[in-house]
Amino acid sequence: MSVLKVEQKNHICQATIHRPESHNAINFAVMDELENLLDELEQDSNIRCFILSGSGQKTFVSGGDLQEFHTIKTAEEAKPMARRMLTILKRIEQLPCWTIAAINGAAYGGGCEMMLAFDFRMAAPGATFGFTQGKFYLPPGWGGLTRLVEKIGRSTALLWLAEAKVVESQTALRHNLIDHITESSDWQDEIWERAQNLTKNDRPFIKNLKEGAMRITQARWKAIEAELDSFAKFWESDLHEERVENFLNRK
């Protein structure tokens, strides 16, 4: 069964991560299907907007699948896994079309890192955002630290990460973490309408705007790459192992 449901219509591609039993957590199967989809999106000149959401109403993406990734024990093993996801998010960020993270519910840890790679973040009224990596004695490893500082500023980013903060949509909007809160329960229709408004110009025009907006921040790629080393180091620590074990064995 596919873990990524894809629909294409009117220059828009909408994908939904479909792992409701695991709160739409990212695992290797999700990575596989995202990579395959990105191969298509990078080449398909007809697509002008890409939307990603999670299945159901409760969770956007709950982060990495600790149950599956817990088999990875060393920094040498953790680094390729993190680099693979970092690369996926970099490819999303560099797509020559507009990208929207449609945050239908809770986004935790890596789910927050994922949404930050999108051009626009639009959330349902009940969505929550948890920078909970610290609970597992981990810093962000998918470029989330650099992107979070860009979006909300250094002091707030550090405070939220230090406290493993969970914030509601209104707080996220006030701090520029997200761009819009949908006004009704028909959030999918509202986001689709906004996506249609973004498809008035073709991909060369969209690409020009996106690349131009990145010219002054090229040094950020070095900062994003540097997150891999610290993530891998903390991944193999005894404290990370202990906290994940406690989480997986909770009653």
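Q: Is Asp-65 buried or exposed?
A: Burial is judged by relative accessible area: under 20% is buried, over 50% exposed, and partly exposed in between, with a 1.4 Å probe and protein chains only. Asp-65 has a relative accessible area of 8%, so it is buried. The model is predicted, so local features need pLDDT of at least 70 and side-chain atom pairs count only at pLDDT 80 or more, whereas totals for chains, interfaces and linings use all residues. Residues are numbered from 1 along each chain as its sequence is written, and side-chain values use heavy atoms, with hydrogens and water left out.

Q: Where is Asp-65 found, and which residues does Asp-65 touch?
A: Helices (H or I, at least four residues) and strands (E, at least two) are DSSP runs numbered from the N terminus. Asp-65 is in the loop between strand S4 (59-61) and helix H2 (66-69). Contact means heavy atoms within 4.5 Å. Not counting residues up to four places away in sequence, Asp-65 touches Arg-19, Ser-22, Ala-25, Ile-26 and Asn-27.

Q: What is the relative accessibility of Asn-24, and which residues is Asn-24 in contact with?
A: Asn-24 counts as buried because its relative accessibility is 1%. Its place is in the loop between strand S2 (12-17) and helix H1 (28-43). Leaving aside neighbours within four places in sequence, its contacts include Ile-17, His-18, Arg-19, Gly-54 and Phe-60.

Q: How is the packing of two helices described?
A: Two packed helices are described by the angle between their axes and the distance between the axes. Axes are lines fitted to C-alpha atoms, for helices over the stretch in contact, and angles run from 0 to 180 degrees between N-to-C directions. The axes of helix H5 (residues 144-152) and helix H10 (residues 220-235) come within 7 Å and cross at roughly 135°. That makes H5 oblique to H10; angles under 35 degrees count as roughly parallel, over 145 as roughly antiparallel, 65 to 115 as roughly perpendicular and the rest as oblique.

Q: Which residues of H5 and H10 meet?
A: Gly-144, Leu-145, Thr-146, Arg-147 and Glu-150 of H5 meet Arg-220, Trp-221, Ala-223, Ile-224 and Glu-227 of H10.

Q: Which residues of helix H8 (residues 187-197) are buried?
A: An α-helix has 3.6 residues a turn, so residues three or four places apart point the same way. In H8, Trp-187, Glu-190, Ile-191, Trp-192 and Ala-195 are buried. The buried residues of H8 pack against several strands, among them strand S1 (4-9), strand S3 (49-54) and strand S5 (98-103).

Q: Where does Leu-138 lie, and what is its relative accessible area?
A: Leu-138 lies in the loop between strand S8 (128-130) and H5. Leu-138 is buried, with a relative accessible area of 13%. Leu-138 and Glu-236 are 98 residues apart in sequence and 9.8 Å apart in space, C-alpha to C-alpha. Beyond its neighbours within four places in sequence, Leu-138 is in contact with Gln-133, Phe-231, Phe-234, Trp-235 and His-240.

Q: How many helices and strands does the protein have?
A: The protein has eleven helices and ten strands. Buried residues make up 50% of its 251 residues.
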